[in-house]
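Open the model in your viewer and switch to a cartoon view. We will go from the whole chain down to a single side chain.

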Amino acid sequence: KMESFILAPKSAPRVAMLLFRKHVITEQRYIEDLITQFEEQGLIPVPIFINGVEAHTIVRDLLTSDHEIKEVNAGRLSRESSYDASKAIKV
């Protein structure tokens with residue numbers, strides 16, 4: 001049974017969710033529970049599906065913040081050579 005709820009506004013904070021593909025396919029209960037908890041707190045979950053071994057590269061190369069991008073571009077913060085701020089997702 002689906003319960004009705006109010007969607008968060010587009011301006012709501014987003015939170016990245018790294019989800020193991022196998023857990024999604026096998027419909028692990030914790031995924032729905034986690035999404036519900038985020039939504040109840042006014043957050044917008046952003047799912048990122050992974051197979052496992054690439055999780056560290058997703059975090060290292062694709063998840064960032066405005067502050068981090070600014071610091072890297074100003075040369076005050078260094079990142080791995082694979083990091084490209086133009087491809088990063090702001091969370």
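**Whole protein.** Select everything. Keep in mind that this is a predicted model. Colour by secondary structure: there are four helices and four strands. Now trace the chain along its sequence. The order to follow is β-α-α-β-α-β-α-β.

**Surface.** What share of the 91 residues is buried? The buried residues make up 22%.

**Contacts across the sequence.** Stay with the whole protein for one more step. Take the contacts between residues at least 6 apart in sequence. Of these, 60% join residues at least 24 apart.

**Helix α2.** Select residues 29–40. This is helix α2, with twelve residues. Pick its first and last C-alpha atoms: the helix reaches 17 Å between them. That is close to the 16 Å expected at 1.5 Å a residue. Next, select glycine 42, which follows α2. Its phi is positive, near 80°.

**Helix α4.** Move on to residues 66–73, which form helix α4. Within α4, select glutamate 71. Is this residue buried or exposed? Glutamate 71 counts as buried because its relative accessible area is 15%, and the cut-off for buried is under 20%.

**Around glutamate 71.** Show the side chains around it. Which residues does glutamate 71 contact, leaving aside neighbours within four places in sequence? Select Arg76 and Leu77: both are in contact with glutamate 71.

Terms used. Residues are numbered from 1 along each chain as its sequence is written. This is a predicted model: local features need pLDDT of at least 70, side-chain atom pairs count only at pLDDT 80 or more; totals for chains, interfaces and linings use all residues. Side-chain values use heavy atoms; hydrogens and water are left out. Helices (H or I, at least four residues) and strands (E, at least two) are DSSP runs, numbered from the N terminus. The expected span of a helix is 1.5 Å times one less than its number of residues. Buried means under 20% relative accessible area, exposed over 50%, partly exposed in between (1.4 Å probe, protein chains only). Contact means heavy atoms within 4.5 Å.
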